[in-house]
Amino acid sequence: MTDFRFVTTAVADFFFPRQCLVCGCILPADRKHLCGDCAEDIPLTYYWDREHNPMADRLNDLIQRDLNAEDFAPGKTVTYSRAAALFFFRPESGYRHICHQLKYHRNFSAGRAYADMLAQRLAGSDLFKDVDVVVPVPLHPLRRFRRGYNQAEIIAEVVSEKLGTKMCPGMLRRRRYTGTQTRLDVEHKVRNVSNAFVFGKYEKVWKFPKRVAAKASPSHILIVDDVFTTGATVNACARVLRERFGREVRISVATLAAVGDV
Ligand SMILES: [Zn+2]
């Protein structure tokens, strides 16, 4: 921080003290979003370096369940989905505020900063280096209109830029207003979001990134959302993409946070 910015931040802080998003303490002028202790203690998942991790296993279980129901030839394995979140949080954890700030309080600066932390890790991982296109989980148009933005799109924008790929926000469309999912159990969530998504206007919205220009379809799609809880939402998105691009396409997920014990 330059001296001038430091002084102006310090003066602004005097009148409008900024707080740490996690513990609520007053931030010193040289810190942004989190205090030193909370920044140091951020519960990173390190899932970006582990192909098989609890988040990936959970998603792949849901996908396999779908495939079994679709009469998928036994013994034939589907391309394993990769999954990574930047950090964990539990409902009572202060780290949930990082996601809430982006989702409900228009704190784009914090949202982009942590999206950038996630993106840096994805870009440095072998698991995500061949991603062709990044697709944010869409909001229902009515909810998007009310909120004014889609938080998943803000994260996806940062991620796609770091990975050097295109983001395609129109590839999926949410046709059902699913209401809040916070209090539903896993089975209800799966049922609640199944068939909530449809394929968007592909030709119009997907400007092919250079890397896949010669290909008829992508081989690795990365779905981006703010929080991963049961995997039901991502699975519902994956189902639509699989129907359009085939079962061989790898459909992965990256989120800012993973809830609970995944
Ligand atoms: Zn703190």
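Predicted model: local features only at pLDDT ≥ 70, side-chain atom pairs only at ≥ 80, totals over all residues.

User: Is H33 buried or exposed, and why?

Analyst: The neighbour count decides. A residue is buried if 20 or more other C-beta atoms lie within 10 Å of its own. H33 has 21 such neighbours, so H33 counts as buried. Its place is also in the loop between α1 (3-15) and α2 (36-40).

User: Which residues is H33 in contact with, beyond its neighbours within four places in sequence?

Analyst: Those contacts are L21, A110 and A113. For a C-alpha distance, take Q19: it is 14 residues from H33 along the chain, and the two C-alpha atoms are 7.3 Å apart.

User: Now a helix. How does the reach of α3 relate to its expected span?

Analyst: Helix α3 covers residues 54-69, 16 residues in total. From first C-alpha to last, α3 reaches 23 Å, close to the 22 Å expected at 1.5 Å a residue.

User: Which residues of α3 are buried?

Analyst: First, the general idea. An α-helix has 3.6 residues a turn, so residues three or four places apart point the same way. In α3, the buried residues are M55, A56, R58, L59, N60, L62 and I63.

User: How do α4 and α5 pack?

Analyst: Read the angle, then the axis distance. Helix α4 (residues 96-104) and helix α5 (residues 108-123) pack at about 125°, and their axes are 8 Å apart. The two helices are therefore oblique to each other. Their crossing is left-handed. On the α4 side, I98, Q101 and L102 make the contact; on the α5 side, A110, G111 and Y114 do. By class, that contact has four nonpolar, two polar and no charged residues.

User: What does the protein come to as a whole?

Analyst: Its secondary structure comes to 10 helices and seven strands. Of its 262 residues, 37% count as buried. Now take contacts between residues at least 6 apart in sequence: 76% of them join residues at least 24 apart.

Conventions
Residues numbered from 1 in each chain as written. Helix = DSSP H or I, 4+ residues; strand = E, 2+ residues; numbered from the N terminus. Expected span 1.5 Å × (residues − 1). Buried ≥ 20, exposed ≤ 12 C-beta atoms within 10 Å, placed from the backbone. Contact = placed C-beta atoms within 7 Å. Axes fitted to C-alpha atoms, helices over the stretch in contact; angles between N-to-C directions. Parallel < 35°, antiparallel > 145°, perpendicular 65-115°, else oblique. Left-handed = near helix turned anticlockwise from the far one by under 90°. Nonpolar A, V, L, I, M, F, W, Y, C, P; charged D, E, K, R; others polar.
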